[in-house]
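Have your viewer ready and the chain loaded. Let's walk through what to select, one stop at a time.

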Amino acid sequence: MSCYLCRDKPRLYWGTGYFCADCKRLQDAISIYGDRVFEVVEEVLFRTEDKQEHKIKSELKKEIKSKEKQLEDDKQTKL
Ligand SMILES: [Zn+2]
């Protein structure tokens, strides 16, 4: 029996559905990051390869900036 999502790899029951380990990982990402996962898929994967390279770099930059801000905010709250 194959995974409900990719319909390719063998599935396991995880309590939330029948998925392969890779698709379970995607499900975890969605539950942690929510819509951010769909944005990344749309903006990064559904682009041509040269545009992907550029987009990956700019998304990483955004991600780093947001983490830096989060760390800074955490520091402020502790003080
Ligand atoms: Zn799968």
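Start by selecting α2 (residues 35-45) together with α3: these helices pack at an angle of about 145°, with their axes 8 Å apart. Axes here are lines fitted to C-alpha atoms, for helices over the stretch in contact, and angles run from 0 to 180 degrees between N-to-C directions. This is a predicted model, in which local features need pLDDT of at least 70, side-chain atom pairs count only at pLDDT 80 or more, and totals for chains, interfaces and linings use all residues. Residues are numbered from 1 along each chain as its sequence is written.

Next, show the side chains where the two helices meet: V40, E43 and V44 from α2 against Q52, K55, I56 and E59 from α3. Contact means C-beta atoms, placed from the backbone, within 7 Å. By class, this contact has 3 nonpolar, 1 polar and 3 charged residues.

Now select all of α3, residues 49-78. Its 30 residues reach 43 Å from first C-alpha to last, close to the 44 Å expected at 1.5 Å a residue (the expected span is 1.5 Å times one less than the number of residues). The number of buried residues in α3 is 0, so this helix lies largely in the open; buried means 20 or more other C-beta atoms within 10 Å of a residue's own, with C-beta atoms placed from the backbone.

Finally, zoom out and colour by secondary structure. The pattern along the protein chain is β-β-α-α-α, with helices (H or I, at least four residues) and strands (E, at least two) taken as DSSP runs numbered from the N terminus. Across the chain's 79 residues, 5% are buried.

Key
Buried ≥ 20, exposed ≤ 12 C-beta atoms within 10 Å, placed from the backbone. Nonpolar A, V, L, I, M, F, W, Y, C, P; charged D, E, K, R; others polar.
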